[in-house]
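Thanks for coming, everyone. I'll walk you through one structure today. Please have a look at it first.

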Amino acid sequence: SLTLGIVGLPNVGKSTLFNALTSNDVLEANYPFATIEPNVGVVPLPDKRLDKLAEVFESAKTVPATVSFVDIAGLVKGASEGQGLGNKFLANIREADAICQVIRVFDDPDVVHVDGRVDPSSDIETINTELILADLQTLEKALPRLEKEARTHKDKRPALEAAKEAKDILDSGQTLFGAGKGADTVELRELNLLTTKPFLYVFNADEGVLTDEDKQRELRELVAPADAVFLDAKVESELIELDEESARELLESIGQPEPGLHALARAGFHTLGLQTYLTAGPKEARAWTIRQGWTAPQAAGVIHTDFERGFIKAEVVSYDDLLEAGTMAAAKSAGKVRMEGKDYVMADGDVVEFRFNV
Ligand code: GDP
C-alpha cells in the first residue's frame, strides 16, 4: 500500500507524533494476520458515513480505510552528500510515495532547537535543500545518458527535455512538486526523483498557533500547493491514552473540534491521491481504498481480483442519495440507483454492489 514518509529536523516532535500514530487497534481488529514493520504507523481514516451506513444496513461492524506513515530516521544536514545515515535516509524517502514534513512551531525553552531558534520557513528550506541537492545529483548522473539516448532515439527526447527543465527548476531552489512537476510527470518517472513526490506539512504547534487563524493562513501560503495540518504532537500523544469523554474535554480546553490525527489521516490520504468507495451489508459497512480516477472494474479488483476479471456491472448510489432515501429499496424506487459499466469512473462516497461472473 502507499505510504507517507515522515521527515523533519531533530527535536521537532517526530517520535512523539509517530508514537501517537501507532497507538490504535484498528489493524488488530480488522486485519488480524497483517504484519506491520515497527517503523510503520497505520491509522484509520475517520469516516462518519460508515456509522450511518451500518445503521441503514444493520451491519455488524464498520471497517474504515487506513493510511500508512513510515518513520524515516532523522534528517541530517549534508544527507545529500551521501554519508552513512544520509544514504539510508534518502533511500527510505525514495521508497515512500509522499513526503510528510514535521515542522516545529511550538515554543518551549526546554526543547533545544538544532539551529537555536524556532523558524518554520528556515527549517523547511533546510529540508528542501537536502532533497533538491539529492535530485540534482541524480540528474547530473542521468543527463549524459539521456543525451546519448536522445541522439539515437527520437522518442527519448521528451525525457531529456523534461530532465533539463527539472534541473533548471531545482537550480532555482524550487522542488519539482512545488513547480507543478509532480509524480504524474511521466517523462521524469523513471528517475524516481525525491521532490516530484507530493508533500504534506505537519506544523507541530502549541495552543497559541492552534487558535491563531492568521498565523495558520500565513504558514499554509508558505507551503502551498502542499497541504498543511496543524496539531500539537504532545497533546495527540496524551489523547490516545484517554477515554472518549476525557479526550473530548481536553480537545475543548484547547479549542479544537477533533483530534489532529484525524485531520492528518485525511490530509495524508488526499496527498497520496487516494479516495474511498463504500460497501455495506449485514456483515460490515466498509470503506475501500482506490486511486482517484479509477474505473469500476479497477475498484472491484480491490475487493477481489476475480471481481475485476469477471466484472459485469456496478450498482451505484451516492452516499447522500442513499441517506436521503433512507433505505436501498427507497433509493431504487426513487431512481437513484444506477447501473454502471466498465468505463465508469468512481466518485468518492459511491456506495457500490458489484455484479460479476466467476
Ligand atoms: P524528534 O527528534 O523529532 O523525534 O522529536 P521528539 O518527538 O523526540 O520530541 C523532542 C522533544 O520535544 C521531546 O522532549 C518532546 O516531549 C517535545 N515535544 C514534542 N512535541 C511537542 C509539542 O507539541 N510541544 C512541546 N512543548 N513539546 C513537544
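Predicted model: local features only at pLDDT ≥ 70, side-chain atom pairs only at ≥ 80, totals over all residues.

One definition before we start.

How many residues surround the ligand? The count is 16. The closest are Gly13, Lys14, Ser15, Thr16 and Asp108. Two helices give two or more residues to that shell: H1, residues 14–22, and H9, residues 233–239. The largest share comes from H1, with three residues. By type, the shell has five nonpolar, six polar and five charged residues.

Now the record. An unreviewed UniProt entry annotates a "binding site". That annotation covers Asn11, Val12, Gly13, Lys14, Ser15 and Thr16. Let's take two of those.

Start with asparagine 11. You'll find asparagine 11 in the loop between strand E1, residues 3–7, and H1. Is asparagine 11 buried, exposed or partly exposed? Asparagine 11 is partly exposed, because 14 other C-beta atoms lie within 10 Å; the cut-off for buried is 20 or more, and for exposed 12 or fewer. Setting aside residues up to four places away in sequence, asparagine 11 touches Val111, Val112, His113 and Val114.

Next, threonine 16. Threonine 16 sits in helix H1. Threonine 16 has 17 other C-beta atoms within 10 Å, so threonine 16 also counts as partly exposed. Beyond its neighbours within four places in sequence, threonine 16 is in contact with Ala233, Lys234 and Ser237.

Let's move to the interior. In soluble globular proteins, nonpolar side chains tend to be buried together. Here, the largest nonpolar core has 87 residues. Which of them touch the most other members? Those are Ile6, Leu200, Val202 and Phe203. The largest share of this core, six residues, comes from H5.

Look at phenylalanine 203. Phenylalanine 203 lies in strand E6, residues 199–204. Phenylalanine 203 counts as buried because 26 C-beta neighbours fall inside 10 Å. Leaving out neighbours within four places in sequence, the contacts of phenylalanine 203 are Ile103, Val105, Pro120, Leu219, Ala228 and Phe230. Lysine 181 is another story. Phenylalanine 203 and lysine 181 are 22 residues apart in sequence and 24 Å apart in space, C-alpha to C-alpha.

Valine 202 has its own list. With neighbours within four places in sequence set aside, valine 202 is in contact with Leu17, Cys100, Gln101, Val102, Ile103, Val229, Leu231 and Leu264.

Back to H5, residues 120–152. Aspartate 135 is in this helix. Is aspartate 135 buried or exposed? Aspartate 135 is buried, since 25 other C-beta atoms lie within 10 Å. Aspartate 135 and glutamate 207 are 72 residues apart in sequence, and their C-alpha atoms are 37 Å apart in space.

Now a helix that is hardly covered: H10, residues 244–253.

Last stop. The unreviewed UniProt entry annotates residues 273–356 as "domain: TGS". In the model, that span is 31% helix and 39% strand. Its end C-alpha atoms lie 27 Å apart.

That's the tour. Questions, please.

Methods. Residues numbered from 1 in each chain as written. Helix = DSSP H or I, 4+ residues; strand = E, 2+ residues; numbered from the N terminus. Near = placed C-beta within 6 Å. Nonpolar A, V, L, I, M, F, W, Y, C, P; charged D, E, K, R; others polar. Core = buried A, V, L, I, M, F, W, Y, C linked by C-beta atoms within 7 Å. Contact = placed C-beta atoms within 7 Å. UniProt positions renumbered as here; feature names shortened; annotations may be inferred.
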